[in-house]
Structure formats: C-alpha cells, structure tokens
Amino acid sequence: MMKKLFAVLFVMLACVSVHAQESDSKPRNAFEVQGGLTLSSRYNSRSCPGFVEYGVGVGAYAGAGYEIRFTPKWSIMPKVEFAYGSNCAKKMPTDQWYSLYTFSVPVLVNYRVPLLDNWALRFGVGPYGEYILGGRTQKGWNIVKNQGFEMRVTAGVKAEVAFEMGCLVLGLGYKCSFLDNNYISDMQTFSLGVGYRF
C-alpha cells in the first residue's frame, strides 16, 4: 500500500514539474471566475423622455472568462457575466425602469505587465453585447413583456484593470453603452470585483 502511495506522489510531483517547465517557456491559458459590486448611472439623462432625474445605483455581478495567451504579455479573454443594476431614478415616468437583470458577453484584448514573481497588472479593453433578462418599473417586474429584441439589447465598450496575485485577481472595470432607444441606452457602469484563476 505504501509503495502505491509513493508511486502516486512521485507521478504527481513529476507532472507538477513538467507543468512548471512548460509554464516558464509557454504562457498558460487560464479559466477565471469573478464577482463583485457595481455602480451605474446614465451619462446622458437628457436623452430620456420627460428629462428624468437619475442618480447612481448600486448593483452586483458574477461571471467567468477564459484567457487565451498568445505571448507572455498579450492575450484575449471572452467572458460571460450576469448582473443586477439600478439607475437610481428620482423622477419616473411609468415607461422608465428602476432595476434590471442582464446577461452580457465582453471580449477583452489584454496586455499584461509583470511585477513580482506571480504578480502582474493586466489591462484589457474590448466590445461587449448585453441582453436584458428582466427588470422592474413602476408597473412591476414585467419590463420585458411584449418588448422587441431591439429594446432588450445594447452594445458598447468595456475596459478593465486587474491586479493578479498568483491565482487571486482584483479587478476594476468600466463599461459604457452606445446604442440608443432601448432600456439601457446611455448607461455607464463601474465595477469592483474579486476573482480566482484556475
């Protein structure tokens, strides 16, 4: 029994050693999960009917991505993210929203700056698409009922700065919607999250 245990441990150590050698010579792709808090606001509230007054709404997000490394510094990372957001409206016509649940797909091009051993700063920017899953207005939660696709989808640009400490990641993000005439037009969102890399 002890011989089998030592054999298994030896094989595991050999695999770890080979993996470390491969990581030194070739960048390793990584799966990353992340979640945190968001702050959302409209950057052009006068584009809304009735000149609605908005504030800054607190929300949350959770997501996952897969980083594909081309070089030690350059990579691309497609992600999927689920989020809850609020526009913190102060004066509301009935066709405006209070809060939303969304699904988004950003694709970031990253540039990594090594700091210490296993520590690095990662800068990313890229496009994203976002779809409304549901939300709440003065009339209740049926914000997407009888609404066409164009009212439930938007697109924009997302930027992110991540501080990598081994497997642990601290991320600061910003995304800005560019499409008009939908529920989440002219929205900007700041995010602060914690993640883990596998």
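**Exercise 1. Find which residue Arg112 pairs with, and where the two partners lie in the chain.**

Step 1. Start from the whole structure, where a search finds 11 salt bridges.

Step 2. Now pick out Arg112: its salt-bridge partner is Glu164, and the closest N and O atoms are 2.8 Å apart.

Step 3. Arg112 belongs to strand β4 (residues 97-114) and Glu164 to strand β6 (residues 153-165), so the bridge links distant parts of the chain, 52 residues apart.

Step 4. Check the burial, taking under 20% relative accessible area as buried. Arg112 has 5% and is buried; Glu164, at 6%, is buried too.

**Exercise 2. Glu164 also meets Arg122; work out why this pair ties together separate parts of the sequence.**

Step 1. Look at the contact itself: the side chains of Arg122 and Glu164 form a salt bridge with an N to O distance of 2.8 Å.

Step 2. Locate the partners. Because Arg122 sits in strand β5 (residues 119-137) and Glu164 in strand β6, the bridge ties together parts that are 42 residues apart in sequence.

**Exercise 3. Decide whether Glu130 and Lys175 are buried or exposed, and describe how they are joined.**

Step 1. Begin with the bond: Glu130 and Lys175 meet through their side chains in a salt bridge, 3.0 Å from N to O.

Step 2. Glu130 is in strand β5 and Lys175 in strand β7 (residues 168-177); the two are 45 residues apart, and their pairing links distant parts of the chain.

Step 3. Compare each value with the 20% cut-off. Glu130 has a relative accessible area of 9%, so it is buried. Lys175 has 12% and is likewise buried.

Step 4. Finish with the wider picture. Shared partners in salt bridges join Glu32, Glu67, Lys79, Arg112, Arg122, Glu160, Glu164 and Arg197 into one network.

**Exercise 4. Identify stretches of the model where pLDDT is under 50, and say how they should be read.**

Step 1. Take the chain as a whole: its average pLDDT is 79, and 68% of the residues score at least 70.

Step 2. Turn to residues 1-6, where pLDDT stays under 50 and the model has zero contacts beyond four places in sequence.

Step 3. Continue to residues 8-24. Here pLDDT is also below 50, and the stretch has two contacts beyond near neighbours in sequence.

Step 4. Draw the conclusion: where pLDDT is low, the predicted coordinates should not be read in detail.

Definitions and conventions:
Residues are numbered from 1 along each chain as its sequence is written. This is a predicted model: local features need pLDDT of at least 70, side-chain atom pairs count only at pLDDT 80 or more; totals for chains, interfaces and linings use all residues. Side-chain values use heavy atoms; hydrogens and water are left out. A salt bridge is a side-chain nitrogen of Lys or Arg within 4 Å of a carboxyl oxygen of Asp or Glu. Helices (H or I, at least four residues) and strands (E, at least two) are DSSP runs, numbered from the N terminus. Buried means under 20% relative accessible area, exposed over 50%, partly exposed in between (1.4 Å probe, protein chains only). pLDDT is the predictor's confidence in each residue, from 0 to 100. Contact means heavy atoms within 4.5 Å.
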